[in-house]
Amino acid sequence: MQTAIPEVTTEFLEAFAAAWNRHDVDALMSFMTEDCVFESSAGADACGTRYVGSEAVRAAFAEVWAVFPDAQWAHARHFVHGDRGVSEWTFLGTRADGSRVEVHGCDLFTLRGGKILLKNSYRKSRSPS
């Protein structure tokens with residue numbers, strides 16, 4: 001008997017976004033495949049900084065809250081089509097130096113087996129206020 005693999009839905013992406021706003025790295029990682037990849041918005045490479053594997057991705061996710069302890073992703077909208085998904089959001093956060101960031105961004109997801117294989121993040125570039 002073959003077990004059906006759950007399909008990723010917009011509700012799945014809503015729950016993933018809610019885990020980001022709770023700063024819950026354990027919950028976030030439960031949405032990711034074991035061999036997951038995170039391509040951040042910034043970095044030296046064309047893809048930003050690329051983190052491969054659950055340990056590296058977990059550390060990168062946690063680092064976001066170290067840089068922006070009050071980080072929130074507001075006004076999220078999601079869609080899923082086949083093995084691809086998109087989340088659009090407004091990122092809000094304050095750096096340690098007190099500068100405030102508010103920018104629009106999106107995540108492009110590649111999905112496999114009912115989980116996120118790749119989280120490819122994009123964010124508008126804006127001077128801190």
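Strands β5 and β6 (residues 115-123) pair in the antiparallel sense, with 8 bridges between them. Here strands are DSSP runs of E with at least two residues, helices are runs of H or I with at least four, and both are numbered from the N terminus. Two strands count as paired if DSSP finds at least two bridges between them. This is a predicted model, in which local features need pLDDT of at least 70, side-chain atom pairs count only at pLDDT 80 or more, and totals for chains, interfaces and linings use all residues. Residues are numbered from 1 along each chain as its sequence is written, and side-chain values use heavy atoms, with hydrogens and water left out.

Back to the β5-β6 pair. The two strands form a hairpin with 2 residues between them, and Gly-113 in that turn has a positive phi of about 60°. Arg-112 stands opposite Lys-115 in β6.

On to β4. Strand β4 (residues 84-94) and strand β5 (residues 100-112) run antiparallel, joined by 11 bridges. Glu-88 sits opposite Cys-106 in β5. This pair makes a hairpin too, with 5 residues between the strands, and Gly-98 takes a positive phi near 90° there.

Is Thr-110 buried or exposed? With a relative accessible area of 19%, Thr-110 is buried; the cut-offs are under 20% for buried, over 50% for exposed, and partly exposed in between, using a 1.4 Å probe and protein chains only. Neighbours within four places in sequence aside, Thr-110 is in contact with Asp-83, Arg-84, Lys-115, Ile-116, Leu-117 and Leu-118, where contact means heavy atoms within 4.5 Å.

Now for the whole chain. The protein chain has 3 helices and 6 strands, and from the N terminus on they come in the order α-α-β-β-α-β-β-β-β. A compact globule of 129 residues would have a radius of gyration near 14 Å, and the 15 Å of the protein chain agrees with that. The radius is taken over C-alpha atoms, and the globule rule is 2.2 Å times the number of residues to the power 0.38. The C-alpha trace spans about 55 × 25 × 25 Å along its principal axes. Of the 129 residues, 42% count as buried. Among contacts with a separation of 6 or more, 48% come from residues 24 or more positions apart.

As for the surface, the protein chain exposes about 7,600 Å², with carbon and sulfur atoms supplying 53% of it. These areas come from the Shrake-Rupley method with a 1.4 Å probe; for residues, only the protein chains shown count as cover.

Most residues other than glycine have a negative phi. His-23 is found in the loop between α1 (10-22) and α2, while His-75 lies in strand β3 (residues 72-81).

Asp-26 belongs to helix α2 (residues 25-30). Asp-26 and Ala-62 are 36 residues apart in sequence, yet their C-alpha atoms are 10.0 Å apart in space.

Here is how these residues compare in exposure:

| Residue | Relative accessible area | Class |
|---|---|---|
| His-23 | 25% | partly exposed |
| Asp-26 | 52% | exposed |
| His-75 | 64% | exposed |
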